[in-house]
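Here are some notes for a colleague who is about to look through this entry. Please read them with the sequence and the coordinates open alongside.

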Amino acid sequence: MTPSAHFMNKALEQAAQALFLSSPNPRVGCVIVDASDRIIGQGFTQQAGGPHAEVMALRDAAAKGNDVRGATAYVTLEPCSHHGRTGPCCDALIAAGIGKVVGALTDPNPQVAGQGFARLRAAGVDVEIGPGGAESRELNIGFFSRMIRGTPWVRMKAASSLDGVTALHNGQSQWITSAAARAEGHAWRARACTILTGIGTVLEDNPRMNVRDVDTPRQPRIAVVDSKLEIPLDAHVLKAPSGCLIYTCSTKQSKIEALQALGATVIAMPNAAGKVDLAAMLRDLAARGTNELHVEAGFKLNGSLIREGLVDELLFYQAPKLLGTGAMGIANFGPLDRLDQGLPLVFHDVARLGPDLRIVARVQGREQF
């Protein structure tokens, strides 16, 4: 491994620490290395409105009494060049006297998109792009999706038996998979910006949809698809600390006002069929800063999202048991007349998790943006 790849890996390790923290900003890490190949400062992007990775690394170096003039900064994403809630990171690096910046890849944000690298070069800073681009993009796949496609990365999660049963004929579903699978499922919730469910799940289970089994500095926002505005005013999801979005077709003003009084945001988004326009909903969620959308819903909403081609990734936990016929499946779509009408998937990762199997599969071609 080259020194450049080694230090970029260290920067990627820093970026991974922002997994549950930085949304809607990208997960970025920075490592500053002196002429003796010694790491003299490192950091990762903090919560939205807080310092970015480069500033954290500069502060770390200063706190340790290290001189960064002429040093090399390894950054997992192009330093930003615009004023948002913080100042441009490229200017901070220039002001600190950094001699070289190695950036894993160009920022897809149109407000940056090469301008950070250009400003560094104009100031006399040596700039190198790569290595680590694929790893950084993977860590920020939702951010890239939002910036390039204008929609979040949609990840659908389900827990089932080996024959695809998610609930028995009487609705019993707790618990098909193990405690280890449930805990890891909460980690996937924690990395999402928004968790989406449907009114059927709310009425049937009254779930909290929050992160409980892993430590997290932030709770994702909750979104509910509720065409007829049937959500009870005492539903647990309405108490989500990061807020609840309700997508509906209803114009029941009294119910809308009651929900708004509880802090919910009600968005009327009907399609021509009188259902919620799911594609428009994704665009709206992106506009509200959603990078990764984590779907935990019933087979009806799951089926609608699949039929409309809106799912990017499937997160499946399968228990080593068979639960037979007459039960509920993962998604209600079909019936299909030909095998080639099925949803083509590519296994991204397959692993054992306790007694269960965890499968991450991506819809073929969806990550090519």
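1. The model is a predicted one, and the site annotation comes from an unreviewed UniProt entry, which lists as "binding site" Ala159, Trp175, Thr201, Asp205, Ser227, Gly298, Phe299, Lys300, Leu301, Asn302, Gly303 and Ser304. These positions span 146 residues in sequence, and the farthest two C-alpha atoms are 28.7 Å apart, so they do not all gather at one spot.

2. Leaving aside residues up to four places away in sequence, Phe299 touches Met328, Gly329, Ile330, Ala331 and Asn332.

3. Beyond residues up to four places away in sequence, Asn302 touches Met156, Val295, Ala297, Ile330 and Ala331. With Ala297 there is a polar pairing, in which a polar atom of the Asn302 side chain lies 3.4 Å from the backbone oxygen of Ala297.

4. Elsewhere, the axes of helix 2 (residues 53-63) and helix 3 (residues 89-96) come within 8 Å and cross at roughly 25°, which makes helix 2 roughly parallel to helix 3. The crossing of helix 2 and helix 3 is left-handed, and the contact is made by Glu54, Val55 and Leu58 of helix 2 with Cys89, Ala92, Leu93 and Ala96 of helix 3.

Technical notes
Residues numbered from 1 in each chain as written. Predicted model: local features only at pLDDT ≥ 70, side-chain atom pairs only at ≥ 80, totals over all residues. Heavy atoms only, no water. UniProt positions renumbered as here; feature names shortened; annotations may be inferred. Contact = heavy atoms within 4.5 Å. Polar contact = N/O pair within 3.5 Å; in protein donor to acceptor, adjacent residues only side chain to side chain. Axes fitted to C-alpha atoms, helices over the stretch in contact; angles between N-to-C directions. Helix = DSSP H or I, 4+ residues; strand = E, 2+ residues; numbered from the N terminus. Parallel < 35°, antiparallel > 145°, perpendicular 65-115°, else oblique. Left-handed = near helix turned anticlockwise from the far one by under 90°.
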